[in-house]
Amino acid sequence: MTALVTGGTRGIGRAIVEELSGHGAIVHTCARNESELNTCLENWSDEGIKITGSVCDVSSRHDREKLMDDVASLFGGKLHILVNNVGTNIRKPMVQLTVEEFSMLMSTNFESVFHMSQLAHPFLKASKAGSIVFTSSVSAFVSLKSMTLQGATKGAINQLTKNLACEWAKDGIRSNAVAPWYIKTSMVEQVLSNKEYVEEVLLCTPLGRLGDPNEVSSLVAFLCMPASSYITGQIICVDGGMSVNGFYPRNG
């Protein structure tokens, strides 16, 4: 199976790339940082893992179109798996967000995955067994500190997931999403350096710990496999129980 994973050089994206490759998929990924991308490609090659990549800023329409041209050429016009993984956040109270920050978050988190899905549609359809997996967030289900706009973009992704599951079912394309809570990645290192905040996070999480990237990537891989062929339109939380926890203190 052929796969495109956006943002595959670090964190959850890298875990997804390696997970899919480990299951035999032919994987292409992308990243904004050319040096970081080349380092990852070299490391994978040294480990005997064949993965290709393109430099791409998914917030740029031109870059997205170039990336999909690369993928179409590389995979002969057929794509089985699209993992829309790239996402970011700006942690501020809503009233402090600037017009530029609003535009950046919307273009990176939502416009990019909407357009990438549009571009990938003919190639996913040509495979006759296409699967799209979006990276959402528990912020789309519950309120989180200083994440109002990020949560809104992820809520939009959830609805896109459901709509495409219905609209593109006739084309043999399934659409699902994973919604992580705090996962141990470089993206959240600064936030998690605050020990008091980490304790608050753990108190809200029934399993009492942070997640690992491979606990997300294993679910993504499952959603791309024939074993999940009757699953579409679902958003599955990978959150240690956080999103279903009302008032249930861990010590009580």
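This is a predicted model: local features need pLDDT of at least 70, side-chain atom pairs count only at pLDDT 80 or more; totals for chains, interfaces and linings use all residues.
Residues are numbered from 1 along each chain as its sequence is written, and side-chain values use heavy atoms, with hydrogens and water left out.

Okay, the build. We've got 8 helices and 7 strands; those are DSSP runs, H or I of at least four residues for helices and E of at least two for strands, numbered from the N terminus. The radius of gyration is 18 Å, close to the 18 Å that the globule rule gives for 252 residues, so the chain is as compact as a globular protein of that length. That radius is taken over C-alpha atoms, and the rule is 2.2 Å times the number of residues to the power 0.38.

How much of the chain is buried? Of the 252 residues, 48% are, where buried means under 20% relative accessible area, exposed over 50%, and partly exposed in between, using a 1.4 Å probe and protein chains only.

Now, the cysteines. How many disulfides does the structure hold? It holds 0, a disulfide being a pair of cysteine sulfur atoms within 2.5 Å. Take C30: its nearest cysteine sulfur, in C56, sits 4.6 Å away. C30 counts as buried, at 1% relative accessibility. Then there's C40, whose closest cysteine sulfur is the one in C30, 12 Å off and too far for a bond. C40 is buried too, with a relative accessible area of 3%.
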